[in-house]
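Here is a short note for someone opening this entry for the first time. Please read the points with the model on screen.

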Amino acid sequence: MAMPQISPADQAKLQLMQEMEIEMMSDLYNRMTNACHKKCIPPRYVESELGKGEMVCIDRCVAKYLDIHERIGKKLTAMSMQDEDLMKKMSS
């Protein structure tokens, strides 16, 4: 089965979308790392390894950060779809 050919314009759009996705995920990771580090690890290190409390704090912080990121993404997607539906109704 032959794969459909993608036009150069579509390839450029796909490349741009992939680059934006990588940039957004990098930004998410950096923000999450900074926020959870600041919240869970004291500024003066006592030991070279994380303590149990620090590890638990980081686990919870990351889980909450990713959960909120997912919820916001779903909400924005739903709002975007509603806007598209409204625009279609208005143009009909």
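Predicted model: local features only at pLDDT ≥ 70, side-chain atom pairs only at ≥ 80, totals over all residues.

1. A definition comes first. A disulfide is counted where two cysteine sulfur atoms lie within 2.5 Å.

2. Next, the overall fold. The protein has two helices and zero strands. Helix α1 covers residues 8-40. Helix α2 covers residues 52-91.

3. Now the dimensions. The C-alpha trace spans about 65 × 35 × 25 Å along its principal axes. The radius of gyration is 21 Å, whereas a compact globule of 92 residues would have one near 12 Å.

4. How much of the protein counts as buried? Of its 92 residues, 8% do. The exposed surface comes to about 8,700 Å². Carbon and sulfur atoms supply 61% of that area.

5. How many disulfides does the structure hold? There are two. With the bonded cysteines numbered in sequence order, they pair as 1-4 and 2-3.

6. Take the pair of Cys36 and Cys61. Their sulfur atoms sit 2.0 Å apart, and a disulfide joins them. This pair links distant parts of the chain: Cys36 belongs to helix α1 and Cys61 to helix α2, 25 residues apart. Is this disulfide left-handed or right-handed? The torsion about its S-S bond is about -85°, so the disulfide of Cys36 and Cys61 is left-handed. Both Cys36 and Cys61 are buried.

7. Turn to Cys40 and Cys57. A disulfide joins these two cysteines, again with an S to S distance of 2.0 Å. This pair also links distant parts of the chain, with Cys40 in helix α1 and Cys57 in helix α2, 17 residues apart. The link of Cys40 and Cys57 is left-handed, with -70° about the S-S bond.

8. Why does Cys40 count as buried? The cut-off for buried is under 20% relative accessible area. Cys40 has 8% relative accessibility, so Cys40 counts as buried.

9. Finally, look at the surface. Ile68, Ile72, Leu76 and Met79 form a nonpolar patch there. Together these four residues have about 370 Å² of accessible area. Leu76, one of them, is found in helix α2. Is Leu76 buried or exposed? Exposed means over 50% relative accessible area. Leu76 has 52%, so Leu76 is exposed.

Notes. Residues numbered from 1 in each chain as written. Heavy atoms only, no water. Patch = residues over 30% accessible without salt bridge, like charges linked within 9 Å, V, L, I, M, F, W, Y side chains within 5 Å. Areas by Shrake-Rupley, 256 points an atom, 1.4 Å probe, with all protein chains shown as cover. Salt bridge = Lys/Arg side-chain N within 4 Å of Asp/Glu carboxyl O. Helix = DSSP H or I, 4+ residues; strand = E, 2+ residues; numbered from the N terminus. Buried < 20%, exposed > 50% of the residue type's maximum accessible area, 1.4 Å probe, protein only. Rg over C-alpha atoms; globule rule 2.2 N^0.38 Å.
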